[in-house]
Amino acid sequence: MPLSLMPSRLFERYQEVTPELLCQAGVTLLLSDLDFTLAPKSVRRPDPALRAWIAEMKAAGIQVMIVSNNRSGARVTEFCADLGIPYQGHARKPSAKGLEAAMARAGTDRTHTAMLGDKLLTDMLAANRAGVLALMVEPLGGAVTLWQKALHALQAPFKALCRRRAEKGK
């Protein structure tokens with residue numbers, strides 16, 4: 001599979017990824033990062049907006065599963081239990097192995113799967129390596145640490161290119 005960092009689509013926030021958009025793409029499994037994608041890392045429990053979004057996905061027949069690199073599964077376990085969704089821990093993104101394990105658990109393949117995340121070097125690279133639709137969001141909570149600020153700066157040219165491609169496609 002390709003070693004591309006480029007997302008297929010770029011969104012400001014996860015709520016812009018609608019069941020209609022996913023159904024049009026043939027997606028029945030949405031894999032998602034948790035930290036900074038669906039909630040800031042400091043948030044321990046899902047908020048009402050996220051609960052409603054997950055409910056919309058489920059109502060449309062789209063399974064949502066968290067794919068996380070978190071070393072400690074306590075927060076992810078609690079968060080996913082609150083949402084009533086499964087998760088694949090120790091995914092080792094950018095390796096495709098975690099995404100492939102999640103697809104196997106869900107009983108689907110790459111043509112019916114999308115990956116939602118906020119980082120090029122982990123989420124988007126893993127999605128492209130696994131051959132699934134790569135959907136990127138701006139990080140919730142923004143860049144806080146110096147390392148996060150550096151990562152955001154490094155991602156900017158790729159995101160700009162993705163936006164330009166989207167504009168040409170309209």
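**Close-ups of a predicted model**

**View 1. Trp53, a buried aromatic residue.** With a relative accessibility of 3%, Trp53 falls in the buried class, since anything under 20% counts as buried. This is a predicted model, so keep that in mind for every view here. Trp53 sits in helix H2, which covers residues 48–59. Tyr14 is buried as well, and its relative accessible area is 3%.

**View 2. The aromatic pair of Tyr14 and Trp53.** Searching the whole structure turns up one aromatic pair. The ring centres of Tyr14 and Trp53 are 4.9 Å apart and the ring planes meet at 70°, so this pair is edge-to-face; the cut-off for that label is over 60 degrees. Where do the two partners come from? Tyr14 belongs to the loop between E1 and helix H1 (19–24), while Trp53 is part of H2, so the contact ties together parts that are 39 residues apart in sequence.

View 3. Take a look at E6, which spans residues 133–137. Is this strand largely enclosed or largely open? Four of its five residues are buried, so the rest of the structure largely encloses E6.

**View 4. Strand E1 alongside E6.** E1 is made of residues 9–11 and is joined to E6 by three bridges. These two strands run parallel. To find your way around, pick out Phe11, which has Val137 of E6 standing opposite.

**View 5. Strand E5 alongside E6.** E6 also pairs with E5 (residues 113–117), and here four bridges do the joining. E5 and E6 run parallel too. A handy landmark is Leu116, whose bridge partner in E6 is Leu135.

**View 6. From E5 over helix H5 to E6.** Now bring in helix H5, residues 120–130. Together with E5 and E6, H5 makes a β-α-β unit. Which hand does this unit have? It's right-handed.

**View 7. The largest pocket.** The volume of the largest pocket is about 460 Å³. Its lining counts 18 residues, and those nearest the centre are Asp35, Lys41, Asn69, Asn70 and Lys119. Two elements, H5 and helix H6 (146–169), each give two or more residues to the lining. H6 supplies the largest share, with three residues.

**View 8. The make-up of the pocket lining.** What kinds of residues line the largest pocket? Seven are charged, seven are polar and four are nonpolar. Among the residues nearest the pocket centre you can look for Asp35 and Asn70.

Note on methods: Residues are numbered from 1 along each chain as its sequence is written. This is a predicted model: local features need pLDDT of at least 70, side-chain atom pairs count only at pLDDT 80 or more; totals for chains, interfaces and linings use all residues. Side-chain values use heavy atoms; hydrogens and water are left out. Buried means under 20% relative accessible area, exposed over 50%, partly exposed in between (1.4 Å probe, protein chains only). Two strands pair if DSSP finds at least two bridges between them. A crossover is right-handed if, with the strands pointing away from the viewer, the path from the first strand over the helix to the second runs clockwise. Rings of Phe, Tyr and Trp (its six-membered ring) pair if their centres lie within 6.5 Å; planes under 30 degrees apart count as stacked, over 60 as edge-to-face and the rest as tilted. On a 1 Å grid over the protein atoms alone, a cavity is a set of points where a 1.4 Å probe fits but cannot get out, and a pocket is an open set with protein on both sides within 12 Å along at least five of seven lines; lining residues have an atom within 4 Å of a point. Grid points are joined across faces, edges and corners, and a volume is the space filled by probe spheres set on the points. Ala, Val, Leu, Ile, Met, Phe, Trp, Tyr, Cys and Pro count as nonpolar, Asp, Glu, Lys and Arg as charged, and the others, Gly among them, as polar.
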